[in-house]
Amino acid sequence: MPGDYDGDGRSDVAVLRPGTGIWYILESGNPGSYSSIQWGLSSDIPTPGTYDADALTDIAVWRPTDGVWYILSGCEPGTFAATAWGTNGDKPVSGDFDGDGITDIAVWRPSTGVWYLLLSGSPGSYTAIQWGLESDVAITPLTNILGSIP
């Protein structure tokens with residue numbers, strides 16, 4: 001789960017140990033050291049992104065059992081957001097769909113082939129786009145990570 005977690009403009013190496021929910025980040029701006037943080041449950045799906053427009057990659061997970069996104073802010077330590085978006089069976093497909101530089105919360109519902117986008121540039125509204133069939137796999141930056149997850 002590479003991303004710019006330290007804000008130096010370069011991708012940092014990051015891994016998540018699902019069994020413990022601990023993220024380990026090897027920051028490019030601080031060679032030879034790493035940071036670790038526990039965020040999420042073993043059943044959560046990692047969804048890192050820049051959700052708060054500070055140019056830092058935020059640690060985030062989507063919980064399939066309740067459809068809640070838990071986003072830990074990179075710029076305000078200890079601050080997090082929880083947003084209900086999606087249902088069990090959906091797949092998280094976050095990305096910057098409206099081009100404003102902020103990662104948008106989004107899910108793809110394989111049973112209907114509909115993408116549900118909660119756009120950061122349009123608070124209080126969402127977009128639904130039918131694109132795909134039940135047998136399809138949504139292609140996102142997380143596809144390789146999630147390829148084996150049902």
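Trainee: Is Y34 buried or exposed?

Mentor: Y34 counts as exposed because its relative accessibility is 57%, where buried means under 20% relative accessible area, exposed over 50% and partly exposed in between, with a 1.4 Å probe and protein chains only. Keep in mind that this is a predicted model, in which local features need pLDDT of at least 70 and side-chain atom pairs count only at pLDDT 80 or more, while totals for chains, interfaces and linings use all residues. Residues are numbered from 1 along each chain as its sequence is written, and side-chain values use heavy atoms, leaving out hydrogens and water.

Trainee: OK, and how many aromatic pairs are there?

Mentor: A search of the whole structure gives seven aromatic pairs, and rings of Phe, Tyr and Trp (its six-membered ring) pair if their centres lie within 6.5 Å, with planes under 30 degrees apart called stacked, over 60 edge-to-face and the rest tilted. One of the pairs is Y24 with Y34, which is tilted, at 6.0 Å centre to centre and 55° between the planes. Y24 lies in strand β2 (residues 22–26) and Y34 in the loop between β2 and β3 (35–38), ten residues apart; helices (H or I, at least four residues) and strands (E, at least two) are DSSP runs, numbered from the N terminus.

Trainee: What about Y24, how accessible is that one?

Mentor: Y24 counts as partly exposed, because its relative accessibility is 21%.

Trainee: And which residue stands opposite Y24?

Mentor: Y24 stands opposite S36 in β3, and β2 and β3 pair in the antiparallel sense over four bridges, where two strands pair if DSSP finds at least two bridges between them.

Trainee: In what order do the strands of that sheet come?

Mentor: Three strands form an open, antiparallel sheet in the order β1-β2-β3. Because β1 and β3 stand at the edges with a single partner strand each, one side of each has no neighbour in the sheet.

Trainee: Switching topic, which residues make up the largest nonpolar core?

Mentor: The largest nonpolar core has twelve residues, among them W23, I25 and W39, and such a core is a set of buried Ala, Val, Leu, Ile, Met, Phe, Trp, Tyr and Cys residues joined through side-chain atoms within 4.5 Å. The elements giving two or more residues to this core are β1 (13–17), β2, β5 (59–63) and β6 (68–72), and the largest share, three residues, comes from β6. A second, separate core of eleven residues includes A60, W69, V114 and Y116.
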